[in-house]
Amino acid sequence: MATVKLGGAACATSGDLPAPGAAAPDFSLTGGDLAGISLADYAGQRLILNIFPSVDTPVCANSVRRFNEAAAGLENTAVLCVSRDLPFAQGRFCAAEDIDAVACASEMDGAAFGVSYGVRITDGKLAGLFARAIVVVDTDGTVIHSQLVPEITTEPDYDAAFAALGS
């Protein structure tokens, strides 16, 4: 179990992020068209998982915007923005912000993603939502970078994620 902070108050998570060198856990998420999304859908591509509490918060929205700006320049790399927001809310945000280079996915059908990636917040004001994290997966399904952001109200280290890709 890891700990993150929200405004300085400690919050526990359901586990630990997969470490570099580990196999990325498979997942089953829901896309904007309500179709399933899994790790296998990205086989042969590198994948950035931008994980956050809710697209309806400024820092989360900024991370989606930042990855959207960078996505077009990332060779053989997809970006999947993952939260517990319903796909409808994610879709409204993306339409309003002209987000079109990243995909969004929801953990609306269960709790497996948050638990297997160790990002489900288990106590505090945001219990049940995800901690802010980045996981970068190589073409073979191996984690090459992971960051659990220590303070939920701060943005992730984008440069470290891009550096893991050699960008």
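Buried, in this talk, means under 20% relative accessible area, with exposed over 50% and partly exposed in between, using a 1.4 Å probe and protein chains only. By that definition Cys 104, at 13% relative accessibility, counts as buried. Cys 94 counts as buried too, at 11% relative accessibility.

Some housekeeping. This is a predicted model, where local features need pLDDT of at least 70 and side-chain atom pairs count only at pLDDT 80 or more, while totals for chains, interfaces and linings use all residues. Residues are numbered from 1 along each chain as its sequence is written, and side-chain values use heavy atoms, leaving out hydrogens and water.

Back to the cysteines. A disulfide here is a pair of cysteine sulfur atoms within 2.5 Å. How many disulfides does the structure hold? It holds 0. The closest cysteine sulfur to that of Cys 94 is in Cys 104, 3.5 Å away, which is too far for a bond.

Now strand E8, residues 133–137. Strands (E, at least two residues) are DSSP runs, numbered from the N terminus. Why is E8 largely enclosed by the rest of the structure? Because 5 of its 5 residues are buried. Ala 133, Val 135 and Val 137 point one way, Ile 134 and Val 136 the other.

On pairing: two strands pair if DSSP finds at least two bridges between them. E5, residues 46–51, runs antiparallel to E8, joined by 5 bridges; Asn 50 has Ile 134 as its bridge partner. E9, residues 143–148, also pairs with E8 in the antiparallel sense, over 5 bridges, and there Val 135 stands opposite Ser 146.

Last, the hairpin of E8 and E9 has 5 residues between the strands, and Gly 141 takes a positive phi near 90°.

Methods
Helices (H or I, at least four residues) and strands (E, at least two) are DSSP runs, numbered from the N terminus.
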